[in-house]
Structures are given as structure tokens and as C-alpha cells.
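Here is a friendly note to read with the model open beside you. Please take the points in order and find each residue as you go.

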Amino acid sequence: MSGAVEVGIIMGSRSDWETMRHAAETLEALGVAHECKVVSAHRTPQRLYDYATSAAGRGLKVIIAGAGGAAHLPGMAASMTRLPVLGVPVESKALKGMDSLLSIVQMPGGIPVGTLAIGKPGAINAGLLAASILATHDDVLAERLDAWRARQTDAVAETVED
């Protein structure tokens, strides 16, 4: 990975890393420079404000925000930046992530958050979607993304015997 950090991965607590590491691993596999921070909408509101309001000025192009339970982090970040924010619902013990999903996806008109699937699949797809957004203006990244997708396709067996 080289170049300036273009993707910020934030999460509400360190325990969310078990899910959000999959977004980081996906970006690493694609050679996309990123940073990972713990930023709680409820416990560290000033940290959230500072992060979101400075993100574009620091060169970030996309923010991936993972949160569980009430899951206000993606929406609050989106309310404070013009950057695209991709929300990853982290699976909760009480409601298996449905609470997180509904909290993130039900944003009011005017504050968009691109909401992904609950848990690991959502984190992986957030990494891929962030790379896809960046690839619209980066031909080298677009080639790496195309190669990644081709490898994924080639890994699918044609028969049940393989």
C-alpha cells in the first residue's frame, strides 16, 4: 500500500474491530491506503466531530463507519462531512444486528449513508464499494479491482465435484 490515506474506517468501539477488520483487509488486498480509528458517537462526540469535519481536508475520499446497537456513528459522521459514508451494521447480541441495520438504513432525507449488510459480509462489501468509488478516478486501482473480481469469478467451481 502506498500513497495518501484515502479511506477512513471508524468504529464505535474496539470490539467492533472483529467485524471492521474485514473492510481493512479488503482495502489492503486492493492496495488502498486507509486508517482505522475508534470513534464513538455517544462516548467520544468531540472525537467524532473532529474526525468527520476534518476528513475531507485531510485527503480522505470515503468513510466506512461500523456501529452496533443504536448505531448512530455512520449517520452522525455523514451529517458532518460531504464525503460518502458507508455504514456497516455490526452484529449485536440482543437483536443479531437488526437493530444496527435499521438504525443505519433509516436516515432522514438529506443525510445519505450507503448501508451494507450486517457483519463480515457488509464490512467486506464496504471495502469493495469504497475501492469502486475511488476507482472511478484511478485507472490503476480500477485494474486491481477488475483483477480481484476476476479471481473471485475464477474461484467458483462449475460442478459439485470440484
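The points below look at one strand and its partners, then at one arginine.

1. This is a predicted model, in which local features need pLDDT of at least 70, side-chain atom pairs count only at pLDDT 80 or more, and totals for chains, interfaces and linings use all residues. Residues are numbered from 1 along each chain as its sequence is written, and side-chain values use heavy atoms, leaving out hydrogens and water.

2. Start with strand S1, residues 7-11. Strands (E, at least two residues) and helices (H or I, at least four) are DSSP runs, numbered from the N terminus. In S1, 5 of the 5 residues are buried, so the strand is largely enclosed by the rest of the structure. Buried means under 20% relative accessible area, exposed over 50%, and partly exposed in between (1.4 Å probe, protein chains only).

3. Which way do the residues of S1 point? Val7, Ile9 and Met11 point one way, Gly8 and Ile10 the other. In a regular strand, side chains alternate between the two faces of the sheet.

4. S1 pairs in the parallel sense with S2 (residues 34-38) over 5 bridges, and Ile10 stands opposite Lys37 there. S1 also pairs in the parallel sense with S3 (residues 62-68), again over 5 bridges, where Gly8 has Ile63 as its bridge partner. Pairing requires at least two DSSP bridges between the strands.

5. Now find Arg47 in helix H2, residues 45-54. Arg47 counts as partly exposed because its relative accessibility is 44%. Its side chain reaches the backbone oxygen of Val38 at 3.0 Å.

Terms used
Polar contact = N/O pair within 3.5 Å; in protein donor to acceptor, adjacent residues only side chain to side chain.
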